Amino acid sequence: MTTHNPPDTTDPVDDVLRYAEAAKLLAIPLPTLYSMVHDHLIPHYRVGARTVLFRRSELLAFLSERAVPVRPSGQPTRLPSNWLPRRD
């Protein structure tokens, strides 16, 4: 007789991550992530006194909120003319 396992209903995008996994996902050094958590700059969950967890979906949303828009092609970066020091 074959047994059937119930379908997996967990969303792989909503995995719970620990520090090392979150830092790897964000491509930042671990000490930077520690600082961001300490300063409450990134979404996280504190479980007990020392355990910090992150949701993958929230970290991905955090990244996408900080995306730099792409400049339309053909528009070079130009500094204002008053930005450069004057030559007398």
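Phenylalanine 54 is buried, with a relative accessible area of 0% (buried, under 20% relative accessible area; exposed, over 50%; partly exposed, in between; 1.4 Å probe, protein chains only). The model is predicted, with local features requiring pLDDT of at least 70 and side-chain atom pairs counted only at pLDDT 80 or more, whereas totals for chains, interfaces and linings use all residues. Residues are numbered from 1 along each chain as its sequence is written, and side-chain values use heavy atoms, leaving out hydrogens and water.

Two aromatic pairs are found in a search of the whole structure (rings of Phe, Tyr and Trp, the last by its six-membered ring, with centres within 6.5 Å; planes under 30 degrees apart are stacked, over 60 edge-to-face and the rest tilted). Tyrosine 19 and tyrosine 34 form an edge-to-face pair, at 4.5 Å centre to centre and 65° between the planes. This pair links helix H1 to helix H2 across 15 residues (helices, DSSP runs of H or I of at least four residues; strands, runs of E of at least two; both numbered from the N terminus). Tyrosine 19 counts as buried because its relative accessibility is 18%; tyrosine 34, at 42%, counts as partly exposed. The rings of tyrosine 19 and phenylalanine 54 have centres 5.5 Å apart and planes at 70°, so this pair is edge-to-face.

In helix H2 (residues 30–38), Leu33, Met36 and Val37 are buried. These buried residues fall within an arc of 100° seen down the helix axis, so they line one face of H2 (arc taken from the directions from the axis to the C-beta atoms). Pro31 and His38 are exposed on the other side of H2.
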